[in-house]
Amino acid sequence: MHKGSPTIWGVLNPLAHIASRWTPSPRTVQRAALAALVMSVVIVVTGGAVRLTGSGLGCDTWPKCTDDSLFVTQEQGFHGAIEFGNRMLTYVLSAAVGWVIVAARSAEPWRRSVTKLGWVQFFIVLANAVLGGITVLTGLNPYSVAGHFLLATLLITVTTLTWQRIREGDGAPKPRVPGPVRKLSWALLATTFVLIAAGTVVTGSGPHAGDSSEIKRMPFDWDTTAHVHAVAAWLVCALAVAMWLVLRVVDAPSDTRARARDLLLVLLAQGAIGYVQYATQVPEALVAAHMLGSCLVWIAVLRLALSLRERPSGQAVAPAEDDARLSTV
């Protein structure tokens, strides 16, 4: 939709110029946010596929695939194609994040909070791309690999928050449940993050190094770290059950109780996969499913925590007014 002639500031600012000529529908902005969330999960799962197929060093260097070629070569074979394909998906993820930024900026009224969340996504993707390059250049150092996964988890956090915020107002958050219940949700969030971090230690000390060659692993006993990870998982389950029960006692809104139920179902499936993969010597397919489950558990925990408060509609900033103010700075 055309919004009139662009101002001088709009010409100098491409996002403002686009916003002056296009107004996306609320559904379009929601789809953009959902696309970024889906791609943030896809990039984790495909990154796991790179590791599980031993393709972590399929491309010899970074940012190019070889010293002489930006693209994968025939000599690099299957592993090179897998690694290069995962790198290309980073561009798809970047496009999805860019769509969020442009759509949020062009929406009327302009919600600066959502646009800022889009830019946070962009900088996380940029940082993780650099860390991914460092991971390759250091020969798949397990600590760098763990950091790579945790940054991807941070991206999932922000994309989930963005998806939620788009469907809310900009007013101050108002609690929907008593204070002790919200504190329980913070404990659940913290414990789940510890669970995910412990999972990176299990991976870093386990058999799947990401490449067929000998790669240094974390100096921890794998069985011990796996048991610590399992204890953390049981603690998360206990907190999730407690949350489900408490929400029923305080007669929380139906959508919040549904989020607690969904979390229990995801945890049940994730726990079953975890124990089966441990008993069967961690086959690649189950490890990949467990990585996907890790993402879904974190999203479920975040959605439950976010459903404990609501944001009423607030007064958003009009793009033209904000652009005029910026132009005077």
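Predicted model: local features only at pLDDT ≥ 70, side-chain atom pairs only at ≥ 80, totals over all residues.
"In which kind of crossing, left-handed or right-handed, does H3 pass H4? Hold that thought for a moment.

Okay, the two helices. In general, you describe a packed pair by the angle between the axes and the distance between them. Here, H3 covers residues 26-52, and H4 covers residues 77-106. Their axes come within 9 Å and cross at roughly 160°. Angles over 145 degrees count as roughly antiparallel, so that's what H3 is relative to H4. And back to my opening question: the crossing is left-handed. If you sort the residues in this contact by class, you get 19 nonpolar, six polar and two charged.

Now let's stay on H4 and pick out Arg87, which sits in that helix. Is Arg87 buried or exposed? Its relative accessible area is 11%, and the cut-off for buried is under 20%, so Arg87 is buried. What does it touch, if we skip its neighbours within four places in sequence? Arg87 is in contact with Cys59, Thr61, Trp62, Pro63, Lys64, Cys65 and Val136.

On to H5, residues 112-137. This helix has 26 residues and reaches 38 Å from its first C-alpha to its last, close to the 38 Å expected at 1.5 Å a residue. After H5 comes Gly139, with a positive phi near 65°.

Last stop: Leu296, over in helix H10, residues 284-306. Leu296 has 38% relative accessibility, so it counts as partly exposed. Leu296 and Gln270 are 26 residues apart in sequence, and their C-alphas are 9.0 Å apart in space. That's my tour, thanks!"

Conventions: Residues numbered from 1 in each chain as written. Heavy atoms only, no water. Helix = DSSP H or I, 4+ residues; strand = E, 2+ residues; numbered from the N terminus. Buried < 20%, exposed > 50% of the residue type's maximum accessible area, 1.4 Å probe, protein only. Contact = heavy atoms within 4.5 Å. Axes fitted to C-alpha atoms, helices over the stretch in contact; angles between N-to-C directions. Parallel < 35°, antiparallel > 145°, perpendicular 65-115°, else oblique. Left-handed = near helix turned anticlockwise from the far one by under 90°. Nonpolar A, V, L, I, M, F, W, Y, C, P; charged D, E, K, R; others polar. Expected span 1.5 Å × (residues − 1).
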